[in-house]
Amino acid sequence: MNFKVKKGKGVRGEITIPGDKSISHRSIMCSSLAEGKSKIYGFLEGEDCLATKLAFQDMGINFETNNDEIVVHGSGLYGLKEPKKEINLGNSGTSIRLLSGILSAQKFSSTLIGDESLSSRPMNRIIEPLSLMGANIKSQNSGRPPLEIGKSDMLNSINYDLPIASAQVKSSILFASLYSEGKTIVREKQTTRNHTEIMFKQFGVPLSIQDTDDGKNIEMLSPSRLKSTEIDIPGDFSSAAFFILAALIIPNSNLTIKNVGMNETRIALLNAFQEMGAEIDIINKTREFEPRADLKVKFSKLKGINLDTKLVPNLIDELPAFFVAAAMSSGSTAVRDAEELRHKESDRLEAMGDVLKSLGVDFNMYQDGMDINGFDNNNTFSSYTGGKIESFGDHRIAMSSAIACSLFDQESLVLNTDNVNTSFPTFLTIADQVGLNISLEESS
Ligand code: S3P
């Protein structure tokens, strides 16, 4: 499928964004491993999270869905059944990396596969620490999926310094350490999203977090059991980001986004946008389980910034949207220390370079980032144009491009957008609700 994008009016009204993807994955994993009946509200029915759910169904977990509620009949840590076939995790990096931690400790072997994009993503980052814990895990494709995971008796605990800022690696180790003997310590220099830690506490797993001189230590005493509970998932900040972007850059916008996840490890984009001059009010904050709030966003005249590199891990998924905002700002914006973007669903630096080039934006590419030269103070972005834009099958590139193209008189085509369904299946419905003009076109 492709997106056909016509010029949009200012985005206005009140919207609610579907559930957080990272939290949805973890809610299925933890409630499947818990003892007894857990309830999940606000689960994201996107393809990635459904792949996680199906994987647990294939391992004998029973889910009952009633409207917005999923009842999960957990099997306890040792109750999963051997899957009858390979587990297909589609496009989902979070599924394969976190599940590898769980499957490394099972009394059965398993094989994890994915689509073309997932099959080209690096897995040594989890194979290394899991092997140190005693896992028997092999890539059939030089460090990339398929992964073959052998059966195991008991894993060892480890002390592990995360070599890259990655919540998926941290979480893979924490899931494996549910089954290990003793104390596992994961040290992170840069804070990454902490949804696993928050959810483990919610399921009664003893876990402590210490601030150190150069980061954080996450410590867990194992083996640990999970007690069933209820999980209420807030809206996904990373999906909200596309509508925050739309409201900021499309004149005459004034949008309220309700019940957005406000976990502090996820919302660095708000700091960056505010430094650029964005008018965003945060209201109705609540702190229970995962914090959440409503956001009121208005059209704003943005100016370029040097993005603080410390913010990068906490807005890594929002950088495609941020690059579009930088292009629509006066002055230039510099982003560095973002090489991890090259290892996402696509090489997001190359992909966004391609998008910006199609729009006529001036930029310089680096191995770990970009300088984007917005327009100078007297000009608007009138020299930019829409056109035909390749999204490389990457959901976040597709949605960022569709919002950018909503500014132009010329009709645009964003190609290869099927994977928007992995994270935001209702993107087009919500886009229509706020007054954007984005529709589906079958690709030839
Ligand atoms: C995620 C962690 C991040 C993020 C991804 C989801 C998670 O990946 O980009 O979309 O749910 O833990 P890394 O851990 O590779 O940084």
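I will talk about the ligand site of this predicted model, and then about a few backbone features.

Before the site itself, a word on conventions: residues are numbered from 1 along each chain as its sequence is written, and side-chain values use heavy atoms, with hydrogens and water left out. Because this is a predicted model, local features need pLDDT of at least 70 and side-chain atom pairs count only at pLDDT 80 or more, while totals for chains, interfaces and linings use all residues.

The ligand is surrounded by Ser22, Arg26, Thr94, Ala165, Ser166, Ala167, Gln168, Arg193, Ile316, Asp317 and Lys344, where a residue counts if one of its heavy atoms lies within 4 Å of the ligand. At least three residues of this shell come from domain 1 (2-19 + 234-441) and at least three from domain 2 (21-224), the bounds being taken from an automatic or database domain assignment.

Turning to polar contacts, meaning pairs of N or O atoms within 3.5 Å, an oxygen atom of the ligand lies 2.6 Å from a side-chain N or O atom of Arg26, and for Lys344 the corresponding distance is 2.7 Å. A polar side-chain atom of Thr94 is 3.5 Å from a ligand oxygen atom. On its own the ligand has 380 Å² of accessible area, and the protein covers 94% of that, as computed by the Shrake-Rupley method with a 1.4 Å probe.

Now to the backbone. The peptide bond from Pro145 to Pro146 is cis, with omega near 0°, and the one from Ser222 to Pro223 is also cis, with omega near -5°. Finally, Asn284, although not a glycine, has a positive phi of about 50°.

Definitions and conventions. Polar contact = N/O pair within 3.5 Å; in protein donor to acceptor, adjacent residues only side chain to side chain.
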